[in-house]
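Dear colleague,

Please find the structure below, handed over for your records.

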Amino acid sequence: MIREILASDAAAFLALNKELDRETAYMLYEENERATTLEQQKKMITTFLKMPNSTILVAEQDGQLVGHLSVIGGSVNRKKHSVYLAVGVLQSYGNRGIGTALFEEMEKWAAQSGIKRVELTVMTHNEPAISLYKKMGFKTEGKKICSLVVDGKSVDEYYMGKVFEKTCLKTCGSMSTEK
């Protein structure tokens with residue numbers, strides 16, 4: 001089941017993120033690096049739910065949170081239409097359509113929230129994620145060279161984005177529409 005997070009999910013959401021940090025090198029935080037307290041997590045969720053251009057969608061299965069798609073909107077007027085995404089699904093729940101379902105629910109939420117653009121970064125060697133993003137209509141817009149250091153090695157990231165409103169593509173001539 002995909003749903004919007006509740007403040008009461010704070011402990012489960014924090015545990016989900018710590019497990020994602022532990023099991024994959026594709027997330028931003030390393031294992032045991034996340035110092036978020038339960039109180040901080042509750043406050044962050046409450047803040048997100050009050051913002052018109054931010055939310056957290058969670059995937060719940062077998063009574064636990066197994067994935068999330070966080071939508072992070074800005075506060076300046078020129079960027080309120082655009083949001084940054086962070087997504088993660090537990091490895092044991094991979095290849096079950098959870099990522100696709102999270103993105104589909106995000107698109108419904110974005111349409112209701114007036115969001116015109118979504119963007120994310122992804123490590124260039126994370127082929128399963130890149131495949132999902134392309135399937136969901138994201139385009140590669142650029143590359144961040146030596147963006148991260150993972151296990152002592154430099155890692156590049158792709159900038160990827162998706163524009164929902166065709167009028168944005170017409171008025172933004174520099175925007176590439178290539179796949």
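**Helix contacts and pockets**

In this predicted model, Gly99, Thr100 and Phe103 of helix α3 meet Leu132, Tyr133 and Lys135 of helix α4, contact being heavy atoms within 4.5 Å. By class, that contact comprises 3 nonpolar, 2 polar and 1 charged residues; Ala, Val, Leu, Ile, Met, Phe, Trp, Tyr, Cys and Pro count as nonpolar, Asp, Glu, Lys and Arg as charged, and the others, Gly among them, as polar.

Residues are numbered from 1 along each chain as its sequence is written. Local features need pLDDT of at least 70, side-chain atom pairs count only at pLDDT 80 or more, totals for chains, interfaces and linings use all residues, and side-chain values use heavy atoms, with hydrogens and water left out.

Helices (H or I, at least four residues) and strands (E, at least two) are DSSP runs, numbered from the N terminus. The axes of α3 (residues 98-113) and α4 (residues 127-135) come within 10 Å and cross at roughly 40 degrees; axes are lines fitted to C-alpha atoms, for helices over the stretch in contact, and angles run from 0 to 180 degrees between N-to-C directions. The two helices are therefore oblique (angles under 35 degrees count as roughly parallel, over 145 as roughly antiparallel, 65 to 115 as roughly perpendicular and the rest as oblique).

For α1 (residues 10-23) and α2 (residues 38-50), the axes come within 9 Å and cross at roughly 105 degrees, so α1 and α2 are roughly perpendicular to each other. Ala10, Ala11, Phe13 and Leu14 of α1 make this contact with Leu38, Gln41, Lys42, Met44 and Ile45 of α2. Its residues divide into 7 nonpolar, 1 polar and 1 charged.

A pocket is an open set of points on a 1 Å grid over the protein atoms alone, where a 1.4 Å probe fits, with protein on both sides within 12 Å along at least five of seven lines; lining residues have an atom within 4 Å of a point. The largest pocket has a volume of about 1300 Å³, a volume being the space filled by probe spheres set on the points, which are joined across faces, edges and corners. Its lining numbers 50 residues, with Met27, Val87, Gly88, Val89 and Tyr133 nearest the centre.

The second largest pocket holds about 200 Å³ of space. Among its 14 lining residues, Ala25, Met27, Tyr29, Glu30 and Val150 are closest to its centre.
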